[in-house]
Amino acid sequence: MERRCQLSGTLNLVIGLAMGLNLIALGSSRLPTLIRAMSLQGMVLGVMPLLMEHERLDWRIVVVALATVAGKGFLIPGLLRRAMRAANIEREIEPFIGFVPSLLLGAGGTIAAMAMARSLPLLPEHAGTLLVPGSLAAILTGFILLIGRAKAISQVCGYLILENGIYLFGLLLIHTTPLLVESGILLDVTVGVFIIGIIVDRIQRAFDSLDTRKLTTLRE
Amino acid sequence: MISLLLIIAPLVGAALAALWPDNRTRPWFLPVVGLVHVVMVFWLFVNPPVVAPEAWLGFDPVARAVLPVVSLLFLVCAAYGVPYLQIRSERNNRVFVSSLLAILGLLSAGHQSRHLGLLWITTEAVTLAAVPLLHFNNTPRAFEATWKYLLVGGTGIALSLLGSFCLGYASLNAGGDGDLTFHALSGQFLNLTVEAATRSHPWVVASWVLMLVGYGTKMGLAPMHTWKPDVYGEAPGIVGSLMAGGVTTVAFTAILRVRSVVAAAGAGPMADRTLLAIGLFSMLVAALFLLGTRNYKRMLAYSSVEHMGILCVGAAMGSAGVAAALFHVWSNALTKGSLFLSAGNIRRAAGSASMDEVRGMSLLAPRSAALLVTGMFAVTACPPFGPFFSELLVLRAALATGHGIATAVFLGCALLAFFGMTRVVFGIVDGRPRQATKTSGKRFVETMGVVAPPLLLLGLSLWLGLFTPAILHDAWSAAVTQLFPTP
């Protein structure tokens, strides 16, 4: 029992770290910082399955953890950095929603997520953890970045933080969902980002810019 | 076994097409694989296999009720694809052909998925496989449409993943063992104790809302439809046809399967109310935009939004409504497929998709223009085509369940959509062609290869309306029995 509390304490610390990275992502004005915050968050989430209470460590969970760290921590950020270099864009992020308002929204959203998660019924083994509020906070951060940033790559980062939040929620089910499903989801996300990378490259070539404000030809 | 071949054969075809060296002969992969697929699907359709309840994949009644029309639509589009890609011989079609075949395989997997996680994986994979098709024209406008599709579609699909997790967690709260097949999920929610029901209920509601929004984005329900006009406006006609008639249906069957689980958990009335609301809202938004749009390819996109709304209205009307909605899946796929192909011909002949620049197409491309006009009447539910009868059945189910106001709104929207579509279609068909259009029209020859496929689809839609075969009605009612199990 004591060991369990200790583990859930470590787990909460790590989720707290991920929540802090949300705020860094919202407040950063430079693209490399945003990508770094996103990839660090991905790595932090990747090791979480190992921290979750397992009487005996299942090799399949180790595989999922390693694949997540490799995918979210190295592969995807690497692809984004390459796209950024290839597109040779300015490193400053241009926001629709300013940095201070996004930070305030993010912080307010985190508090709201904590309050909301308290009213949701959880299984006893998840009752003391921050998994649900952490996931809701990351999803909200992802949405703010998706809506509030003009550069295509910042929007992709927002999308990935949204995915991180969903992954965090998925950890509630890690004991029960089969590995096949987990790996399929991870594969889809990676392929998705790969395709996004290709499209970002093509947009850069077609529009000579990655500013999505220029993508306004199609309208009624 | 054959049900697995339905998935494997197109994927193998996609791999072979990717390795095939010759750009000119590669498009023939499309009709060949499509024909093999149609033969297998219809063999299974006539001899439905017994699917074990705990199977993850299988040609179950729901797949049997929808997959044949998707396969049929693919074959006809594939036959259109050969002459189309010959006209566009300047573009390398390696990625285009392989993506189309991969989509066929993934659609077969999606329709046959009986597992919550597998369903999500296949739907997401279809979304991603469609991306290279959208920017085949390689214009800046096409990239803009692709980007919007990726961001809106990706977010929607992420939300449906979150919804799937919520449903899984609800089943854990209800004492489930983590088996995420739809059969097991429905079983877990039946006969719950009061305590377990109160613990799982908030998660069930959350999962329904998230999955309706997520898969609804994929279907193109308003207000998540924003990607649709851009994509259908810029993508080649063959792609629009397959997206509107095939890709959207996989999201619709996903919603139907999830609805059945949610109903088992006791939230069926709530699910039906939301389906009705979002369906009518989609019809209304589509009808209003149809009155305003000046681009005939975007018009087809709004018409598709309207028909997705009709499917949802049908799905909200109990067992008779779901049977009518499955009928509408067939009639919409065939009719809309024909419209996209003939509109693609006209776009090619006219050199523009805006009714401000296109006039007199009945002189320049008479066959395609005639097909477009007839298809327009068919899709706006003029008898005796398929959509008329399926929409009539939806309305009958609505009246039988006492939804008088919904019926009135439905009819009003259908009327507005009719006005909107006739305005655009007759605007481009009538009048005297412009000089610029005349020169581009001369270069486009209405060969048999580009006229016969839309004609065939329209003929099938007519046949579906006049002589709906009894075996189809059996297939739809079998699917309804699966989706509405009697305890």
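This is a predicted model: local features need pLDDT of at least 70, side-chain atom pairs count only at pLDDT 80 or more; totals for chains, interfaces and linings use all residues.
Local features need pLDDT of at least 70 and side-chain atom pairs count only at pLDDT 80 or more, while totals for chains, interfaces and linings use all residues. Residues are numbered from 1 along each chain as its sequence is written, and chains are lettered from A in the order in which they are written.

Q: How much space lies in the largest cavity?
A: A cavity is a set of points on a 1 Å grid over the protein atoms alone where a 1.4 Å probe fits but cannot get out; lining residues have an atom within 4 Å of a point. A volume is the space filled by probe spheres set on the points. For the largest cavity this is about 170 Å³.

Q: Which residues are closest to the centre of the largest cavity?
A: The lining of this cavity comprises 14 residues. Closest to the centre are Tyr167(A), Glu182(A), Ile185(A), Leu186(A) and Phe165(B).

Q: Are H12(B) and H15(B) roughly parallel or roughly antiparallel?
A: Helices are DSSP runs (H or I, at least four residues), numbered from the N terminus. H12 (residues 318-350) and H15 (residues 386-400) of chain B pack at an angle of about 160°, with their axes 8 Å apart; axes are lines fitted to C-alpha atoms over the stretch in contact (heavy atoms within 4.5 Å), and angles run from 0 to 180 degrees between N-to-C directions. Angles under 35 degrees count as roughly parallel, over 145 as roughly antiparallel, 65 to 115 as roughly perpendicular and the rest as oblique. H12(B) and H15(B) are therefore roughly antiparallel.

Note on methods. Side-chain values use heavy atoms; hydrogens and water are left out. On a 1 Å grid over the protein atoms alone, a cavity is a set of points where a 1.4 Å probe fits but cannot get out, and a pocket is an open set with protein on both sides within 12 Å along at least five of seven lines; lining residues have an atom within 4 Å of a point. Helices (H or I, at least four residues) and strands (E, at least two) are DSSP runs, numbered from the N terminus.
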